[in-house]
Amino acid sequence: MKLYVLLVFVFVCNSLAAQTDSTVFERITKGVQKFKPDTSNVPDDKITRTIIELLKVKGDFNINEAIAFKLEEDRQKKDISEATYQQLKSFFTQGDGKRWLDNATVHIYRDHFTYGELKQLLRFYKTNAGQKLATDFPIIMLQTLVAAEQIKTAYTKQANH
């Protein structure tokens, strides 16, 4: 479960600008407190097409992969049965779950970005620097969280002696 939380945290942090810690967590809390996903069909327009292209160009880390990873982790730890694993995997990779999550993701992007901002993001992620960020950011974020955990552990041990 800890890794899943970290993956979700990385996903959330990936879309936030550099801000102070309290502001980031206040925004996260406000943003998810009463959030209800919109899984309805998305409009077939230039904004949706740009979001889909952006998600493809960003590549490497997406929520679908995080869910697949979490399901596999749960299966290996025997938190879910093989039958449940297969059902959920199918649901999120080819069933209504995939469609609903894809639709919800597009609606979320539509709520947070203008068409102009989406075009700017798309241009950036098509650059070498954008591709490097897409590839390396999840690793950098997780390494930073591991570093913080290890530093906290070392400090706690030192403070208790």
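Asn-103 sits in helix 6, which covers residues 96-112, and the model shown here is a predicted one. With a relative accessibility of 8%, Asn-103 counts as buried because the cut-off for that class is under 20%. Beyond its neighbours within four places in sequence, Asn-103 makes contact with Asp-38, Thr-39, Ser-40, Asn-41 and Val-42.

Asp-102 is partly exposed at 27% relative accessible area, and Lys-98 is partly exposed at 30%.

Let's turn to helix 3. This helix runs over residues 46-58, and its 13 residues reach 18 Å from first C-alpha to last, close to the expected 18 Å. Its buried residues are Thr-48, Thr-50, Ile-51, Leu-54, Val-57 and Lys-58. Gly-59 follows the helix, with a positive phi near 50°.

Glu-53, partly exposed at 32% relative accessibility, forms a salt bridge with Lys-126. Lys-126 lies in the loop between helix 7 (115-125) and helix 8 (128-159) while Glu-53 belongs to helix 3, so the pair ties together parts 73 residues apart in sequence.

The model has 12 salt bridges in total. Here are some of them, with their N to O distances:

| Pair | Distance |
|---|---|
| Lys-126 and Glu-53 | 2.9 Å |
| Glu-82 and Arg-75 | 3.2 Å |

Glu-82 is partly exposed at 39% relative accessibility, and Arg-75 is partly exposed at 26%. Elsewhere, Lys-70, Glu-73 and Asp-74 are linked in a salt-bridge network.

Key:
Residues numbered from 1 in each chain as written. Predicted model: local features only at pLDDT ≥ 70, side-chain atom pairs only at ≥ 80, totals over all residues. Heavy atoms only, no water. Helix = DSSP H or I, 4+ residues; strand = E, 2+ residues; numbered from the N terminus. Expected span 1.5 Å × (residues − 1). Buried < 20%, exposed > 50% of the residue type's maximum accessible area, 1.4 Å probe, protein only. Contact = heavy atoms within 4.5 Å. Salt bridge = Lys/Arg side-chain N within 4 Å of Asp/Glu carboxyl O.
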